[in-house]
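Visitor: Please pick one part of this structure and take me through it slowly, as I am new to this.

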Amino acid sequence: MNYEQFFRKQIDGLRREGNYRVFADLERQAGSFPRATHHKGVGEAQIRVWCSNDYLCMGQHPAVIAAMHEALDRCGAGAGGTRNIAGTNHYHVMLERELADLHGTEAALLFNSGYMSNWATLSTLAGKIPGCVVLSDESNHASMIEGVRHSRAEKRIWAHNDPEDLRRKLAQLDAAVPKLVAFESVYSMDGDIAPIAEICDVADEFGAMTYLDEVHAVGLYGPRGGGVSEREGVADRLTVIEGTLAKAFGVVGGYIAGSASMCDFVRSFASGFIFTTALPPAVAAGALASIRYLKGSQTERKQQQRQVARLRHRLDAVGIPHYDNPSHIVPVMVGDPVLCKQISDRLLDDFAIYVQPINYPTVPRGTERLRITPSPMHSDADIEHLVNALGTIWSELSVLKAA
């Protein structure tokens with residue numbers, strides 16, 4: 001087999017479909033984000049980033065940076081090993097305690113990414129509990145799907161955010177069978193929010209465990225940033241709350257929170273936890289500072305919500321189609337991969353605005369979009385610049401289509 005030819009053929013296929021991904025070479029500017037430097041191979045340009053998952057700009061917050069500097073000076077660069085072998089630093093212990101407090105649980109467990117925490121936890125729980133059946137929302141993240149697949153447990157898919165379909169699927173199972181219902185709070189591409197209480201009602205009715213991914217909600221919702229489950233007062237009803245440190249908290253890493261025995265079970269049996277080097281202490285220190293800060297500050301959350309509402313209002317005013325949802329994620333719908341990439345390129349080249357096109361397989365074919373995420377640091381002027389740029393491009397596209 002000509003392996004190189006195979007690789008090139010597959011990549012060429014992505015290019016023809018309009019689904020080939022190009023990475024923008026960015027240099028974030030601490031203290032002035034969403035401004036960034038775009039390195040273009042030849043030369044560079046100053047741009048505004050409109051698609052970052054650093055939702056509250058905590059990645060540049062002075063308290064976070066200072067905590068990371070202090071930990072780096074005290075402990076050095078790396079953890080020095082796996083958590084089991086010399087790699088558990090006191091910052092890890094403090095961070096896990098802080099996360100448990102955030103969610104009102106007995107314990108929490110750190111992972112190196114949100115992807116890893118989903119993959120390792122779901123594969124361990126579903127794989128180690130004899131006869132467990134996983135009921136997974138059809139829109140769950142790839143990391144959750146991979147975790148369930150790796151567990152080799154039986155899986156049933158239920159209609160997105162539909163407690164009644166979940167009830168039907170659970171009713172088909174033997175009452176004695178262990179069951180795990182896996183879903184998200186805020187879904188990252190459409191920005192819709194799960195009816196957590198209703199899902200918990202159904203799960204309780206059939207004696208099922210509940211696994212909630214709060215990756216796109218922690219830090220952003222609830223009086224202390226505990227996510228949608230905190231905001232709605234249902235955190236205590238969940239078996240597992242999974243979250244990330246890489247989005248609203250502005251650093252990197254993932255975690256689960258729940259009972260002490262559940263966290264200890266995952267800690268003791270999850271290969272994805274046991275056999276990987278621990279997060280650097282400076283990263284844990286930065287996350288710890290970010291969580292503590294956001295527990296006590298509403299400023300960033302309120303300002304972000306204001307800018308999200310303002311952007312939606314302005315998009316409506318100029319007729320830019322965006323998916324209506326109750327979250328901070330603003331998907332501008334395009335519906336064509338090639339066109340989506342062209343609009344993204346035009347925004348970057350002509351207006352110094354970076355919004356990554358979202359194409360298949362991240363979203364279904366025909367639902368391609370620009371996923372816009374306003375932050376507290378986007379000014380009203382930034383919003384006007386974005387909306388005017390989109391309005392100009394949309395007008396030109398309308399003329400071309402009419403012709």
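Guide: Let's begin where helix α2 stops: α2 is followed by G76, whose phi is positive, near 90 degrees. Helices here are DSSP runs of H or I with at least four residues, numbered from the N terminus. This is a predicted model, in which local features need pLDDT of at least 70 and side-chain atom pairs count only at pLDDT 80 or more, while totals for chains, interfaces and linings use all residues. Residues are numbered from 1 along each chain as its sequence is written, and side-chain values use heavy atoms, leaving out hydrogens and water.

G76 sits in the loop between α2 and α3. With a relative accessible area of 24%, G76 is partly exposed; that label lies between buried (under 20%) and exposed (over 50%), using a 1.4 Å probe and protein chains only. G76 and P281 are 205 residues apart in sequence, but 7.8 Å apart in space, C-alpha to C-alpha.

Now step back into α2 itself, residues 62–75. Its 14 residues should span 20 Å at 1.5 Å a residue, and its end C-alpha atoms are 20 Å apart, which agrees. The expected span is 1.5 Å times one less than the number of residues.

Within α2, V64, A67 and A71 are buried. They lie on the same side of α2, because they cover an arc of only 65 degrees around the axis; the arc is taken from the directions from the helix axis to the C-beta atoms. An α-helix has 3.6 residues a turn, so residues three or four places apart point the same way. The cover over the buried residues of α2 includes α3 (90–103) and α11 (281–296), where contact means heavy atoms within 4.5 Å. On the other side of α2, P62, H69 and D73 are exposed.

Definitions and conventions. Helices (H or I, at least four residues) and strands (E, at least two) are DSSP runs, numbered from the N terminus.
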